[in-house]
Amino acid sequence: METSTMNEIDRISSLPVDILHNILSNLCIFDVIHMSVLSKRWKYICTIIPYFRFHSSYCTSLLYSNVEKFKEFMYTFLISQNTINLVRYTLSCSDMLESTYMLRLIHATTRRNVQQLVLWFWHREPFVLPHCLVTCESLQVLKLNLCDDVLKLPNHFDGFRQLKFLHLCSVKLSDEHLTNCLFSKCQLLEKLELIDCNLKRMKLLYIDSASLLYITFLHGDYYDNCEIKISCPALKFLKCKCQIPKDIVIKNLFSIEYVDINFQDNDVKCDDFGFSFEKTGILVHKMIKEVPSISVLKLCKVSLKGLYEEIRQVRLSPICFHKLKSLKLKLGVDEDHMQVMIQLLKYSPNLEVLKLWCDEDGEWREWCYNLPIREDQGRGHEVFHPDPLGKKLHCTYKMHDPEESIVCLVSHLKSIQLIGFKDEENEIELLRFFLKNARVLEKLTIVWASYALKSEEALKKVLNIPRTSSQVLLTFHDAKLKQKSTNWLDYC
């Protein structure tokens, strides 16, 4: 680098045009224009860029000082290179541009054969998908954030021709028939994401598609008033991180591989306050009963609590997951959750990976690890009840009958992660249980809770637990939460 600087070699400018365009695609269009003054080559690069990104917060003063001039620039810049196809067009303008002008911009993008269209705006009135957009032969990705406005379809809607990815954020869905048409008539649609959508006016959300591979429900309002039906024979991935719906029916999921059920429990009260987990247990059981061939299953605390209620009252038959390879559970290390975990282990004979989130923040987290603290043989296989006053209680519950074989522990389970470790006695006993009974275990990873008081005593206590598997590597990690942006456009 020093040699390059001394010789005044501009390595960035010498990069291929496609790579430079990819770099510039993350900049606001005004920053791209500023780059054009660097040299003739940069002027050329910026002139033919197939990306357009604008966020009103970048230049609010310019907008309000002369809106008409700004609008003229936006449109002129868009149509000035009609011969260059647009890879992605991103526009966030809140309520500063009227709907007729927005339609004009959308029409201009379709004339430039836009492949990816990302729009974030608010007009306080229903937004009807323009006909030019629906019939656009080049459009493959459509991401809409309508700030809780209603989405409507044009008359005689026959589906998007080439659309593969539909992302709806803060959209109010109000018409059951039109919503079903939107999902079912897009013959090439592979990925559907409903983020923070409002289903208040919906009694039924029906997703019937022969092409969909991925479906995500994230947050949103009024799911408890709506029944969800999914019939997608090609579907591989289903994620439900939302309110518990009124009902959910899934069928014809012949290709499903990954199911993530993370129902939000903001309004869920425990039994002491009169809340019954019966409905949740039946709902979750009904969902997973339809996907016995999955390879990855992820369940939250509310789901496990509901399943425990059904197991305790022996109302539901067990489900065998012969193809399940990875099981991820958000749980508390107490009798209810441990019984459900043991049941899932019993009926997942080929399970290889088990991940347990024991942290109390209520959210799934992605973790990055610091350097591990390295590791060696069992007694006991009980678990302790957590004391609400923070005291450690004596063992009152045995995790399972030692004479009853759990196939995956004997012959398949190779990796266990315990995330959110706080050095509580119930967690120690859980680790002791796995180190004693997991005979082919190769890796046990323990991630400290972010607020835990780490100590050498705790490390020694765990590292000295006897192990049945002679090849297991036991490591400790500190956890750091990855920072996530709150700006919707950062995900687009």
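Select Ile282 first: leaving out residues up to four places away in sequence, Ile282 touches Glu310 and Leu316. Contact here means heavy atoms within 4.5 Å. The model is predicted: local features need pLDDT of at least 70, side-chain atom pairs count only at pLDDT 80 or more, and totals for chains, interfaces and linings use all residues. Residues are numbered from 1 along each chain as its sequence is written, and side-chain values use heavy atoms, with hydrogens and water left out.

**Stop 1: Ile282 and helix H10**

Ile282 sits in helix H10, residues 278–289. Helices (H or I, at least four residues) and strands (E, at least two) are DSSP runs, numbered from the N terminus. Ile282 and Leu316 are 34 residues apart in sequence, and their C-alpha atoms are 8.0 Å apart in space. Buried means under 20% relative accessible area, exposed over 50%, and partly exposed in between (1.4 Å probe, protein chains only).

**Stop 2: H10 against H11**

Now show H10 and H11 together. Two packed helices are described by the angle between their axes and the distance between the axes. For H10 and H11 the angle is about 100 degrees, and the axes are 7 Å apart. Axes are lines fitted to C-alpha atoms, for helices over the stretch in contact; angles run from 0 to 180 degrees between N-to-C directions. H10 and H11 are therefore roughly perpendicular. Angles under 35 degrees count as roughly parallel, over 145 as roughly antiparallel, 65 to 115 as roughly perpendicular, and the rest as oblique.

To see the contact, select Glu278, Thr280, Gly281, Ile282, Val284 and His285 of H10, with Val302, Ser303, Gly306, Leu307 and Glu310 of H11. By class, this contact has 4 nonpolar, 5 polar and 2 charged residues. Ala, Val, Leu, Ile, Met, Phe, Trp, Tyr, Cys and Pro count as nonpolar; Asp, Glu, Lys and Arg as charged; the others, Gly among them, as polar.

**Stop 3: H11 against H12**

On the H11 side, pick Lys301, Leu304, Lys305, Leu307, Tyr308 and Ile311. They meet Glu335, Asp336, His337, Gln339, Val340, Gln343 and Leu344 in H12. The contact of H11 with H12 has 6 nonpolar, 3 polar and 4 charged residues.

**Stop 4**

Move to S13, residues 258–261. In a regular strand the side chains alternate between the two faces of the sheet. Which S13 residues lie on each side? Tyr258 and Asp260 are on one side, Val259 and Ile261 on the other, and all are buried.

Two strands pair if DSSP finds at least two bridges between them. S11 (237–241) pairs with S13 in the parallel sense over 4 bridges. Phe237 stands opposite Tyr258. S14 (296–299) also pairs with S13 in the parallel sense, over 4 bridges. There, Asp260 stands opposite Lys298.

**Stop 5: the S8-S10-S12 sheet**

Select S8, S10 and S12: 3 strands form an open sheet in that order, with parallel pairing. The edge strands are S8 (204–208) and S12 (247–251), each pairing on one side only. Neighbouring strands are turned by 5 degrees against each other on average, direction ignored. S10 (227–231) joins S12 through 5 bridges. Pick Ile228 to find its bridge partner in S12, Ile248.

**Stop 6: helix H9**

Show H9, residues 176–184. Its buried residues are Thr179, Cys181, Leu182 and Phe183. What covers them includes S5, S6, S7 and S8. At the N-terminal end, Asp175 caps the helix: a side-chain oxygen lies 3.0 Å from the backbone nitrogen of His177.

**Stop 7**

Most residues other than glycine have a negative phi. Select Ser170, in strand S6 (165–172). Its phi is positive, about 50 degrees, although Ser170 is not a glycine. At 18% relative accessibility, Ser170 counts as buried. Next, select Asp196, in the loop between S7 (191–195) and S8. Asp196 has a positive phi of about 55 degrees. Asp196 is partly exposed, at 35% relative accessible area.

**Last stop: Ser138**

Ser138 lies in the loop between H8 (131–134) and S5 (141–152). At 15% relative accessibility, Ser138 counts as buried. Leaving aside neighbours within four places in sequence, Ser138 is in contact with Asn113, Val114 and Gln115.

Methods:
A polar contact is a pair of N or O atoms within 3.5 Å; within protein, one must be able to donate a hydrogen and the other to accept it, and residues adjacent in sequence count only if both atoms are side-chain atoms.
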